[in-house]
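Please consult the sequence and the structure while reading.

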Amino acid sequence: AIKEVLSALTPDDVNIMVSCKDPKKELDKIEPWFQTEYAVSDIPNDWRETWRNAKPDESFKMPEPNIFLTSNFDILPITEADKNVQYPVKIHYNELCEVWYRRDVIFKLPVAYMNFYLISPLSLSTSKDATAMGLYVQILRQMLIEELYPAIVADLNCSITASDKGIVLKFYGYNEKLDLLLEAVVNCMARFNNYLTPELFAALKDVQAKYYYNTFLKPAKLSKDLRMSLLLQTHWSAVDKYAALAGIDLLTMKEFASNFIKHFAATNACNKVLEILEFAPLLPATQPEICVLELPLGEHCCRVKSFNAEDTNSIVTNYYQSGPFDIKSYCIVELIMMFMEEPVFDVLRTKEQLGYHVYSSLRYTFGIVGFSVTVNCQAYKYRKQMKKELAEIRSSLIKLKTLKDIHLKEEVNRNWEEISSGEYMFDRQKQEVACLEGIKMPEIRKWLVNHVQHGSKHNFRKLSVQVVGIAEIKKIKKEQVSPILFRKVRRGSKERQPLPQSEQITIPDSVSSTGHSLEFIISDQKNHSKKFICGIEEFKTDLNIYPVTKIEH
């Protein structure tokens, strides 16, 4: 049967269908169903003759064997000692790296997760270096697409992302060949400059520019960037990176790639990373640390004009800062968020119709606890309501924290968060459950009294971040309720000036340039209890810095 089918696959029996918009041949037939014009003709004899005398094309060949395919699906034996270990254990540590290991004893699958944190001081040094890191990751991904395709076919997965302190590599798949995937990625990093071409650099630089531009064009993304810029000692927003991208050329990119692998610390690294990249240890003074600023007492407002000239939506995020993490405060805020979930939606969205998207969130910002209420709206009001009983709320929250993992990835991600943040509280959920069981309503009320505007204001630290839609700005001007001052402030400078032309890069043709500097809107201080922020660096100058939490293990 197979020979019979193969014998029919000859040039004499082939039927070729050609579709085109502008056929040169006259179409003399019409099919009856869709009235499509077409024509039928015999294959030219010279075509047939060429096909009969065709010689094999050397470029057509069977693919090479896939080196990533797994053949061994054995599961390593589980010992009694393995069953008694609940959390990751640090099995190696020196000046170059630290290695954490956790044996899976629940799902018992022939798969592994390997996560690597390549920590570098370049991530926090300058906006140019932070931008170069993002571009480096994009180019690295593109370089690896063809080489890693066989690995994807073999069900091995890899992700490469730029993080707060460096670059994170994550690998997942069958145990046997996962190290080959790691080796392919690390080899590409080591030979990055050899593979980088001017054409590849120019294409991905343009893609990255559009990504940053589209990011700060969205009010929600711009609002988050503003909040982080005001809360962190060092944070590079999409606006900063968009401006810095103009100063990165091919030579700068190659210098960054060389410097990056020269000095970084590899958390969860293995011998292959150490051998291939041959990096040097970080000096203690160059270890990158993310520091959070303590907001001053009272209410401060950062109101800026949206970059999108066609967007009429506004977004308001009111952030309330509490202080350094402790289990009890964290659990109290979690309970408050569950109390607020229904009232925030019911009051702000349904009854007062302030916006179509409203929500409250617990904020854990690099060790500092707080919460926020966000509304896509043009005004904001808040009303305390606690309808549900504490016991019901507490029971629901404890159930969420005691749910069993349904996938190995859930446990991996939870443990990885503890390791990458340097907090190492692997039993966090157990501690939170124990704390929740002892919290009483008077403690919740006392916490709220200290942190909200209508209480004692003992620890009332509120930051309102507002991105105002263009239509709303026109409305403010028209009503003339109070004088409005518009100030353009360059990020990172106390001079109220737009970015210089040399630091701007070409934006998409469909959008006109507006200078790409933040335009602050400042109401008359006499008529408002809140203090308006007219410059990010000016606001941060005299703020206290929370100490970085360090837990030794």
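Q: How is a residue called buried, partly exposed or exposed here?
A: Buried means under 20% relative accessible area, exposed means over 50%, and partly exposed lies in between, with a 1.4 Å probe and protein chains only as cover. The model is predicted, so local features need pLDDT of at least 70 and side-chain atom pairs count only at pLDDT 80 or more, whereas totals for chains, interfaces and linings use all residues. Residues are numbered from 1 along each chain as its sequence is written, and side-chain values use heavy atoms, with hydrogens and water left out.

Q: Why is E334 called buried?
A: E334 has a relative accessible area of 14%, and the limit for buried is under 20%; E334 is therefore buried.

Q: What makes E334 and K401 a salt bridge?
A: The term requires a side-chain nitrogen of Lys or Arg within 4 Å of a carboxyl oxygen of Asp or Glu. The side chains of E334 and K401 meet at 2.9 Å, N to O. This pair links distant parts of the chain, with E334 in helix α13 (residues 327-351) and K401 in helix α14 (residues 390-401), 67 residues apart. Helices (H or I, at least four residues) and strands (E, at least two) are DSSP runs, numbered from the N terminus.

Q: Why does K401 count as buried?
A: K401 is buried because its relative accessible area is 11%.

Q: What does the salt bridge of E294 and R461 tie together?
A: The closest N and O atoms of E294 and R461 are 3.4 Å apart. E294 lies in strand β9 (residues 293-294) and R461 in strand β14 (residues 461-468), so the pair ties together parts that are 167 residues apart in sequence. R461 counts as buried because its relative accessibility is 13%. A search of the whole structure finds 15 salt bridges.

Q: Why is S223 called buried, and which residues does S223 contact?
A: S223, in helix α9 (residues 219-231), has 2% relative accessibility and therefore counts as buried. Leaving aside neighbours within four places in sequence, S223 is in contact (heavy atoms within 4.5 Å) with I315, T317, V465 and V467.

Q: How do you know that strand β13 is covered on both faces?
A: In a regular strand the side chains alternate between the two faces of the sheet. In β13 (residues 368-375), 8 of 8 residues are buried: I368, G370, S372 and T374 are on one side, and V369, F371, V373 and V375 on the other.

Q: What makes β11 and β12 partners of β13?
A: Two strands pair if DSSP finds at least two bridges between them. Strand β11 (residues 315-324) pairs with β13 in the antiparallel sense over 8 bridges, and Y319 stands opposite S372. Strand β12 (residues 358-365) also pairs with β13 in the antiparallel sense over 8 bridges, with T365 opposite I368. The hairpin of β12 and β13 has 2 residues between the strands, and F366 takes a positive phi near 50° there.

Q: Why is W51 called partly exposed?
A: W51, in helix α2 (residues 45-52), has a relative accessible area of 33% and is therefore partly exposed.
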